[in-house]
Amino acid sequence: MEPAERGAAMAAGCPGGPWAVGEETAILHGGFLLAARLLQPRPLRELRKADWPRAGVPITDALREIGERCPSPLSLWKKEAVAIVWAKILLPASPAAALEWGWKDDGFFSVGAMIPDVNHIALFELVKALSAPRLFVQLLLALPPDVCRGQLEDLVEYISSETSPSDIRFFLDVWWEVMKHREGQEDATVSAFSALIHQHGAESSLEDGLQPAKRFKGDPGSASAAPGLPTVLLEGLKQIRGSVTQPRLRCYALANLAELLCLSAGLGPGHSPLPITEHLAKLSAIVSLWGSDPDSQYHPCGLGEKVREAERSVSLPSVTKPSREELFGGLDLLCSLLQDWGEELQDTLRGSEELCFESYRLLDALTTLGKNLDSLLETGDLGEGETRVVLELTQLTKDFLRDTSAVLKDLDTSLVSSVAMAVIAQRLDRHVDVCSVFASEKTWAFSKPWVECLVKNKALFQTPELVLELLEMLVNFATSHHDEEARELQVQVTEAIVECYTELSLSDKNQVISGVLASWGGPGLSHNVQVVREGFQEDLNVTFNQITKSVSDEGLSRAVASMARLTLLSPEATVKQVCHLAVVNLGAHQFLAQILCSFPALNFLESHEDPGRPHSLVVRCLEEAVWGKLSTAREEEQFLQFLAFLMQPGSATPLVSPAEVTKAFVLPYLKSDSPEIELSLQILSKVLGIPSCSEEHWIKSCHPFPLLLSLCRLLDGYTKYWHQPKEQLFPSLETKDLILDILCQLCELVGPETVPSSELWVQSLAWLHRKVASLDWTVGLRLKKLYGDHFKNEVPATLFEICRLPEDKWTSQSWPAYGPGSGLLAWMECCCVSPALRDTMLELLTLNVDNPEEVNLFSKGFLVALIQVLPWCSHGEWKRLAPVVEQLLQRQLLHVPYTLEYVQHMPLLNLRPFACHLQLSVLFLRGFQLLCGSSCSSWLPAEAWLHVVQLYCSSLTDLLASIKAAAAAASPQPCAQEVSFVCIQVFCHLLHVAAMLPAEGCGEPLLVLALEVLSQYEVSSKADASPCSALRRANEGHFLESITDNVGHEELRSTLLQKLSKLGACSEH
């Protein structure tokens, strides 16, 4: 009985359970009283078989009346009536002393008192009349083991006397039900019966009351494990074998015996379930046999009940297993019966037009037994007599099947699909396996019953494997059926599948997405299923509109669930939408990246375009949805951060690898005229910062040496930066520092381990060295970490004139651009390469300070070299070069005379701590005087001047910070006047430079810097506590205003005068 049936049975019973006294028990009581009257003068406990046709009528009439008054499809009252009668037989009569308390404490007391004493014949005849062997077995196996066996022996004794065909049928039915019985499915009546017997014990009334009663004690335990039940069944068959004459009953008996023997642990490794397709074919065959056999008790039943009963018949639980002794006793009996009945049965089976269930069972059981016997002969430890029996039975079985098994081939299996759906609908034992067949059998799919079954039982299909099977079925159907009816079916099935998928865990959803991508690629279902495409874009837009409005940790799980559904239907369209929104929605990129990284299944490599070089789905979606469409710096930044998260999503699985990103967004765009060059370089910088997940660095797969060469060529292009045609695209000077950083990172990452062999490593280095030789010579210096000791540093020969360069590491080259006197220029370009090379150049510089002319020439040459290098320096390079000037000034190797052109009176101050600051400011002024002079007037284009001014302003900003630090270091000695003087000098030099600049558009950085200088002057001026500080501030204010009045730039002049007037107003107060 299924769990639902047990619940219904319990609900249908009387409130007091099976022992409650009510109208039904009164009717039953009346039936037994009439029976007792008919049997007089003998009591009912002396009932004989021959008496039943007359005395049993009132009892069966009473049960019929109860059934009409209290109809129950589960025949609950039949079971309760049998339980009451059986309990009356087993329980002893209450002693007189118990009458006082029995009616209060004993639940069975009242109903038991209503039934007169009866014997087993009444019980067995009652069960036969009710055609209820199953409920009889349920109650039988609920008894204590020894009682169970005793009751079965009573049944054998009953059927062995005056044996009739109905007795034989009843015995075989009981035997068959014993084998089909399943533990743990007891309903309320069986449980109450079992509890009653175990609680009180029972007294076995022996037939005719001729012997004294035999007491037994109830022993809780598993009745189905009662020892010797097979022995009793075998003995019963021996007793009645002579009475079994009908072919159908003979088949039944042999089938029971063969199946019982198959359950023995001595035959084979044990019971293993049939493959599910064979199981369904067997169920279908049984249902068909019952449907075509009007004599079968299951013929009038509906399909569901037939399937349920067929599964009980096929899936024997093996709870009643014969022992070894019982096994060989049974084999011997089967051998004997086949010898007696075999030939006659063979003739019957060959001549019959229709196979009945009993004969089908016989053939099937003998087939299984034959296989088990073969196994027993091979592996069993058999005695001589046992071997003889097994060999003889094996031969008999083969002979019997040789002439009769052919009828099994013609079995009707047309009901397999209907049977499968009935198994699913009723959740029968193997419904999980059947669901797999249901989801994959194309010949059943999309019939109306199939769709209805799926929709009603979709809760059973909530596994990734079944969802994928159903999706494949849906796609196959959608590609071959396009009519309106098919469309409606597709809609229903799609909705059901999506509901099944929605209930899966996230890991299972990813498994389904992986399957979808493997089967149908990026487009997924939407490519093949029209009903999926319809309305999908609108659904996509609405869903993501909601997602982007709920950017929070709380909204993440809901967003993941929503995206999971969309990804199932069209992975590619969903990923593209995420990528697009991650760029255009301000601040949503990380949230969307988190959502996307919840689906590691999207880390899918497509190979449809080039099977040899698979590409990432996510990378392709990024290329098609975003790349080349970024219109603002903010979008580019969000794209970079989104990409970075996809590569490093924390604890989640990365969706794209650095190698994939490099191949897609970097390598194709490392050309100076590419519009995406700067973004590609930013991407490359980010991916190089991601550590490798394996011993072999991912850069190995990205053509590292051609990549290095591309970067070197970009650097070489910067030597002609200000002379590139205006229409020609080229990355900005700000990008130069990024290229230098990338090159430095690559030189550290690319080592001998990134190529297959040391020989190839040397060849690759030689190839790169050969290619770089045609570029600017400084590019080769930047590859020194990569070159190692394979190549010397190649520099202009003139560098050797001013440096003590060791020839084992340095080699000279003659280049036309570096003629006589260009040594300092080459030296300064080396200082720009790296801090380490800068320090080396300062260390190896040769200058005879005792020779005034040499120092003077060096200082002039240094200034000329400085202005030659300045316009081509990136901000990073200029930062590396500025300390060179400071060191040379501090070491007094660079002669920079300080003139008094902006000094009205001799300052009687201690300017020694600020000497280098004043010299550096003057040096910049002299450089600009040279740069803005007539000899250089056409050297730089207009757009170059802004860059030069920005570098100048960054150096003066650093200078102001250094002045502030020097002043702090000079305390506790007051130096406010000195700082004010230095600030005035820097301010004047700055205005001088501003006046000389030939190009417009440079005023803003100069104005910002000038205001910063004045602010620092204001601080130091206010800190001056000397007696004449007010006068000094007034004089300095007038001086600064007079200088500022001469500035030609209107905006610069007016803003600075306004600032100075505020300073003057503050000083007066």
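Glutamate 177 and lysine 180 join their side chains in a salt bridge with an N to O distance of 3.3 Å, a salt bridge being a side-chain nitrogen of Lys or Arg within 4 Å of a carboxyl oxygen of Asp or Glu. Because the two residues are 3 residues apart in helix 11, about one helical turn separates glutamate 177 from lysine 180; helices (H or I, at least four residues) and strands (E, at least two) are DSSP runs numbered from the N terminus. Glutamate 177 is buried, at 5% relative accessible area, and lysine 180 is buried at 1%, where buried means under 20% relative accessible area, exposed over 50% and partly exposed in between (1.4 Å probe, protein chains only).

This is a predicted model, in which local features need pLDDT of at least 70 and side-chain atom pairs count only at pLDDT 80 or more, whereas totals for chains, interfaces and linings use all residues. Residues are numbered from 1 along each chain as its sequence is written, and side-chain values use heavy atoms, with hydrogens and water left out.

Arginine 248 meets aspartate 295 in a salt bridge of 3.9 Å, N to O. Since arginine 248 lies in helix 14 (residues 247-262) and aspartate 295 in the loop between helix 15 (276-292) and helix 16 (303-314), this pair ties together parts that are 47 residues apart in sequence. Aspartate 295 is exposed, at 64% relative accessibility. The side chain of glutamate 358 also forms a salt bridge with arginine 248, at 3.0 Å, N to O; with glutamate 358 in helix 18 and arginine 248 in helix 14, the pair ties together parts that are 110 residues apart in sequence. Glutamate 358 counts as buried, at 8% relative accessibility. Salt bridges that share partners also join Arg134, Glu177, Lys180, Glu309 and Arg312 into one network, and the structure holds 49 salt bridges.

| Salt bridge | N to O distance |
|---|---|
| Glutamate 177 and lysine 180 | 3.3 Å |
| Arginine 248 and aspartate 295 | 3.9 Å |
| Glutamate 358 and arginine 248 | 3.0 Å |

Serine 359 is found in helix 18 (residues 357-379) and is buried, at 2% relative accessibility. Serine 359 touches Cys251 and Leu349, not counting residues up to four places away in sequence, contact meaning heavy atoms within 4.5 Å. Between serine 359 and alanine 865 there are 506 residues of separation in sequence and 111 Å in space, C-alpha to C-alpha.

Aspartate 167 belongs to helix 11 and is buried at 1% relative accessibility; its contacts, not counting residues up to four places away in sequence, are Lys49, Lys128, Tyr158, Ile159, Ser161 and Glu162. Glutamate 162 lies in the loop between helix 10 (145-160) and helix 11 (165-180), is exposed at 56% relative accessibility, and has a positive phi of about 50° although it is not a glycine. Glutamine 892, in the loop between helix 43 (875-890) and helix 44 (915-931), likewise has a positive phi, near 60°, and is exposed with a relative accessible area of 67%. The peptide bond from glutamine 40 to proline 41 is cis, with omega near 15°, and proline 41 is found in the loop between helix 2 (23-39) and helix 3 (52-55). Most residues other than glycine have a negative phi, and most peptide bonds are trans.

The largest nonpolar core has 373 residues, and Phe639 is one of those with the most contacts inside it; such a core is a set of buried Ala, Val, Leu, Ile, Met, Phe, Trp, Tyr and Cys residues joined through side-chain atoms within 4.5 Å. Among the residues that phenylalanine 639 touches, not counting those up to four places away in sequence, are Val583, Trp627, Phe665 and Ile683.

A search of the whole structure finds 0 disulfides, a disulfide being a pair of cysteine sulfur atoms within 2.5 Å. Cysteine 335 is in no disulfide, and the nearest cysteine sulfur, that of cysteine 262, is 15 Å away. For cysteine 953, also in no disulfide, the nearest cysteine sulfur is that of cysteine 1002, 9.0 Å away. Cysteine 335 is buried at 4% relative accessibility, and cysteine 953 is buried at 7%.
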